[in-house]
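Visitor: Can you walk me through this one? I'd like to start with how the chains meet.
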Amino acid sequence: MAHAIETRGLTRRFGMLTAVDSVDLSVPEKCVYGFLGPNGCGKSTTIRMLCGLLRPSAGSATVLGVDSVEQAETLKQKIGYMTQRFSLYEDLTVVENLRFMTEIYQLPRRQRGLVVSRQLERFQLAGRERQLAGTLSGGQRQRLALASVTMHDPELLFLDEPTSAVDPESRREFWDIIFELVDQGATVLVTTHFMDEAERCHHLAILDEGRLVAEGTPSQLRDSIPATVVELETTRSRKVREALASLPAVLDVAQLGSRLHALVNPDVDAPVQYLERALNEVSLPAECRLVMPNLEDVFVMATRSEAR
Amino acid sequence: MFSLSRMAAIARKEFYHLRRDRLTGGMIAGIPIVMTLLFGYAINNDVRNLNAAVVDEANTSGSRMLVSDIGATQVVRFVRHASSVQELERLIAAAKISVGIYIPPDFEQRRVQGRPPFVQVLVDDSDPTVLGAVRGLRNMPVGHANGGVDAIALRPLFNPERRSAVFIVPGLCGVILTLTMVLFTAIAIVRERERGNLELLITTPISGLELMVGKILPYVVIGYIQISLILALGVGLFDVPVRGALTDFYLGAGVFVTSTLTLGLLISTAAKTQFQAFQMTFMSFLPQLLLSGFMFPFEGMPRAAQLLAELFPLTHFLRIVRGIVLRDADLFVMRDDLWPLAVFFVVVMALATLRFRKRLD
Ligand SMILES: Nc1ncnc2c1ncn2[C@@H]1O[C@H](COP(=O)(O)OP(=O)(O)O)[C@@H](O)[C@H]1O
Ligand SMILES: [Mg+2]
């Protein structure tokens, strides 16, 4: 399979801090590739290196078959980068922003008007042509940003936390557009905090403190989690959590609404009984059952502090 | 490859910003108007009724007649008596009077023998307009002097250089442009960096040169609006004579504006915040203001300062603009001050474009 992105030992230091630490990535073509990781783990820095905006301190990246440093300018014709922070002009109208980008990307003069109205339709911005970008809602802004970086039909799209300030309804619509773009042949690399979004990616990479700690399809990641997951239902979740955390065989505990997920060392033979016994001893009875791991469990497992 | 249409896109976008930014729009017209009025009126006011004192040691009918004639001109107004030259000097130093008139005891003998000066006028020329006004007094008919020497000796106390609005206003074009052009361009790029727009722009195929040139074009237009305002005010309110051709004036101004703008670009490649850009602009503006010959006469400065001043665009533009406006020179005559501007443009533009990286680090 051809790869849109391949990195070897990609590293970026800022003074004493290593923001990205020898990352080896292989991003397949024509898929949605998710970057999952806590704030400050190096997602944006990695993307900036892949776009040629930052030079790696060590290692290298091959993006769309060319070196991201040496041929940064060739690359810029073929990629789109939606920055984490809104980077269009707030004091320009929706249409002025879009027109500006068609000119910057040098679309054929006669197509510009057409492309702008196509994007307005597609990103549900029709009717807001004359509105200043700074007065748009979070979801509208994100759609405008995506509209402006997809005008030149890029082969590779970087979306840095595109849905962090967006309501669930708009998030769903946004992801529909992402899949449309992939259907048309684009590769999308997207960073996110949301597990439901991670679930929709074809491939995932989990980053923690600059290091790549897990990679694979969502189901691969769930299947290979080095823990047994026990779900507990209880009314006294805080106490139960404390009790679980003190057990040597419990690697970590995740809270999902009113339920708890205990990640238990796979060497324990009967994890449900083991937990029930331990909780009864401290008079904190809870309903326990074995469940399939979900991505949240994978994430907690991969980024837990003991692992480091 | 340099794309004109990409450059035009940047320039057009810059105009959109300006149209929606009331404050900057106001500054474009406000700075030249306010500064021209302030400088022009402070300096060009017809000076009248200067406070004066007289020491008349001759006390003849002739000397009393002279004193009353001087008073009749209304240039001075006698507000007190003094008893010695030393007292006159003291009064001037204390700003009680601006002009002191001393008539020596041998006033009549000097007149009869034609041995000037007959009278000495002490002038507080720390305000240069006073000196100019008092100069007129020299033409008072007080008798014949031998060999064309002035009958009334003028003694400027502090600053022998004389200036006036006619001299100031053309120079003001250069000073205001130096401040506003550099500031506007520096801010315009740093603002994009601060607001995060640059991260998007440098991920597109736009080149550094397209961005730079596109950014400065709108400000060249603004520069023209500003000098036109200043010149119109100078001519309308202060009777500044425009002796040379307007086309030469505007051409010269265009060369100057383009070259001084590049300084703003260079600053924008170094400044991280708009505040830093402000500071750097003033750092570059002050030496130009002080050494270019606007504040102090160029000839009077130490050699080292003169050499430094030759590097500044403002120094050359002041010579060009004064030459054209006041002495009816044309651009060809001023060519020795044109090519340094062109060199400045090429060097600083190259530096700015080289320094501007399409990268964040
Ligand atoms: N230009 C920079 N200078 C210094 N430190 C930086 C810079 N950019 C990012 N960092 C640091 O690098 C780390 C990774 O940042 P970033 O890539 O933005 O994380 P993420 O996007 O995953 O939240 C953070 O600790 C951040 O403070
Ligand atoms: Mg980030």
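Guide: Contact here means heavy atoms within 4.5 Å. This is a predicted model, where local features need pLDDT of at least 70, side-chain atom pairs count only at pLDDT 80 or more, and totals for chains, interfaces and linings use all residues. Residues are numbered from 1 along each chain as its sequence is written, chains are lettered from A in the order in which they are written, and side-chain values use heavy atoms, with hydrogens and water left out.

Visitor: How many residues does the contact take from chain A and from chain B?
Guide: Chain A gives 32 residues and chain B gives 28 residues.

Visitor: And what area do they bury between them?
Guide: About 2800 Å², with 55% of it on carbon and sulfur atoms. Buried area is the accessible area (1.4 Å probe) that two parts lose on being put together, summed over both. L53(A), Y89(A) and I104(A) supply 22% of what chain A buries against chain B, more than any other three residues.

Visitor: How many salt bridges across the interface?
Guide: Four, taking a side-chain nitrogen of Lys or Arg within 4 Å of a carboxyl oxygen of Asp or Glu. R12(B) pairs with E103(A) in a salt bridge, with the closest N and O atoms 2.8 Å apart.

Visitor: Switching to cores. Which residues have the most contacts inside the largest nonpolar one?
Guide: I5(A), L144(A), L146(A), F158(A), L159(A) and L189(A), in a core of 147 residues. Such a core is a set of buried (under 20% relative accessible area, 1.4 Å probe, protein chains only) Ala, Val, Leu, Ile, Met, Phe, Trp, Tyr and Cys residues joined through side-chain atoms within 4.5 Å.

Visitor: What does L144(A) touch?
Guide: Beyond neighbours within four places in sequence, the contacts of L144(A) include F86(A), L88(A), V94(A) and L125(A).

Terms used. Buried means under 20% relative accessible area, exposed over 50%, partly exposed in between (1.4 Å probe, protein chains only).
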